[in-house]
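Open the model in your viewer and keep the selection tool ready. The tour begins at the ligand and then moves to the salt bridges.

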Amino acid sequence: MTPTPDTAPTVQDRLRAAQPCLWTNPGRQAEVPPRLSVGTATVGVDDMQSAVARFGRFAGLLAELFPELQASGGVIESPLVAAPALGQPLGLDAEQGALWVKCDHLLPVAGSIKARGGIHEVLEFAETLALQHGLVAPGGDYRALARPEARALLGRYQVAVGSTGNLGLSIGVAASSLGFRAAVHMSADAKEWKKERLRRRGVEVVEHAGDYEQAVAAGRAQAASDPFCHFVDDERSLSLLQGYSAAAPALQRQLAAAGITVDAMHPLFVYLPCGVGGAPAGITFGLRQVLGPHVHCFFAEPVQSPCFLAQMLAGPHDHPSVYDWGLSNQTEADGLAVPRASLLAASLMHPLLSGVYTVQDATLFQHLALAHDTQQLRIEPSAAAGFSGPGMLTGTLAGCAWLRAQGLEAHLPRATHLAWTTGGLFVPDTEYDRFLQRGREATSR
Ligand SMILES: *Cc1c(COP(=O)(O)O)cnc(C)c1O
């Protein structure tokens, strides 16, 4: 039965009932102002470019520190691939656009999208110290930082972070490889193999019984009392956002190389899994800067952890948690199990974001298995959240109404749908096989 308009459940009803839903952003602006406010600061296109330049300055050093980066000359990037066999099972027919995947699940060093923001912030901290202490000259060769005296100096400092897992992996690995001491405060939902991987690298893993937000608070408090400790603050960091935004110029080049046009006749829809919001917000910020009004970014969250959607509904003067909505924050998508969004990310997204949708865990596993069986993509559950995007836009009342209102319906046949797969490279085989099994069982039922 199709609900009549006056009895149709609202986004709020569905959010509270942990049912998948799509919210579209009435505050989105087609034109991006040159600078945007984020909390008390502002960010502009120059911040994105400075992150790109910083990665460039460190490339030689990174190629030396990480054997897996030798082939790329120290560039940390992921492929953009067409996924024609996956579009149709996700509900996209031939007249509704082509499905592509941005494979951040293959990002080297960190194995997730956190390679972008997390490594950027560690590099920025190292660069500040190196210039301060004369370890490198401005414009000099940063490979000097691999020398024992440089490492000894950086070793006097600690880098700390609170994480559900993947950010800890990225910060811990990047920091320890530069010679820093590293401490990762892990929430109860962090997976055991992620803790093990860090300990093997000599990273101190501090386990907390509480959720992500409590792990961050504990780490932040400990770091505040130590002048030799830099705390990577996932809820408040501009450096993380900047690092994520550097993905945009790289994607722009990949789109051009693949012959994909983005303009009024050729819209691009990007589906980004969202935890606290920093990664998808940084990328959305960058994409809106380089691609303009015809890129539409949507965030994807688990039905039990829709903190970003709750924040967008609440507006800037409130900071709700998913518990306030009667939700549990329990999800197998450990990278997305966050109860309260980053206010920084939410304020930045107000004029830029097209929408947010939610996904059930069972669907994440089904899509994880589909991605494997049709396109041989090996991703973690969090990274599957983007695959619900095409169906949400083209197969729901809310999605179709939005497409019509935006005048996008007629352009769908030439549209590109881009699912951003955000993690998976280092998931152990035994763990991955369980995910796959679960996804296939859900599909055959
Ligand atoms: C961290 C993470 C995200 C989302 O990033 P946030 O900055 O927390 O929003 C998405 N997918 C995976 C696999 C992640 O680890």
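Colour the shell around the ligand by residue class: 6 residues are nonpolar, 8 are polar and 2 are charged. Keep in mind that this is a predicted model.

Now show the shell itself. The ligand is surrounded by 16 residues.

Next, select helix H11, residues 278–291. Helix H11 gives the most to this shell, with 3 residues.

For Gly277, switch to the backbone, where a polar atom is 2.7 Å from a ligand oxygen. Val276 also uses a polar backbone atom, 3.0 Å from an oxygen atom of the ligand. Of the 380 Å² of accessible area that the ligand has on its own, the protein covers 98%.

Hide the ligand and look at the space it takes. That space is the largest cavity.

Leave the ligand and turn to charged pairs. Side chains of opposite charge can pair when their charged atoms come close. How many salt bridges does a search of the whole structure find? The search finds 26.

Select one of them: Asp46 with Arg35, at 2.9 Å from N to O. Asp46 sits in helix H2 (residues 45–65), and Arg35 in strand E2 (residues 35–38). The two residues are 11 residues apart in the chain.

Technical notes
Residues are numbered from 1 along each chain as its sequence is written. This is a predicted model: local features need pLDDT of at least 70, side-chain atom pairs count only at pLDDT 80 or more; totals for chains, interfaces and linings use all residues. Side-chain values use heavy atoms; hydrogens and water are left out. A residue is near a molecule or strand if one of its heavy atoms lies within 4 Å of it. A polar contact is a pair of N or O atoms within 3.5 Å; within protein, one must be able to donate a hydrogen and the other to accept it, and residues adjacent in sequence count only if both atoms are side-chain atoms. Accessible areas come from the Shrake-Rupley method with a 1.4 Å probe; for residues, only the protein chains shown count as cover. On a 1 Å grid over the protein atoms alone, a cavity is a set of points where a 1.4 Å probe fits but cannot get out, and a pocket is an open set with protein on both sides within 12 Å along at least five of seven lines; lining residues have an atom within 4 Å of a point. A molecule sits in a cavity or pocket if more than half of its atoms lie within 2 Å of its grid points. Helices (H or I, at least four residues) and strands (E, at least two) are DSSP runs, numbered from the N terminus. Ala, Val, Leu, Ile, Met, Phe, Trp, Tyr, Cys and Pro count as nonpolar, Asp, Glu, Lys and Arg as charged, and the others, Gly among them, as polar. A salt bridge is a side-chain nitrogen of Lys or Arg within 4 Å of a carboxyl oxygen of Asp or Glu.
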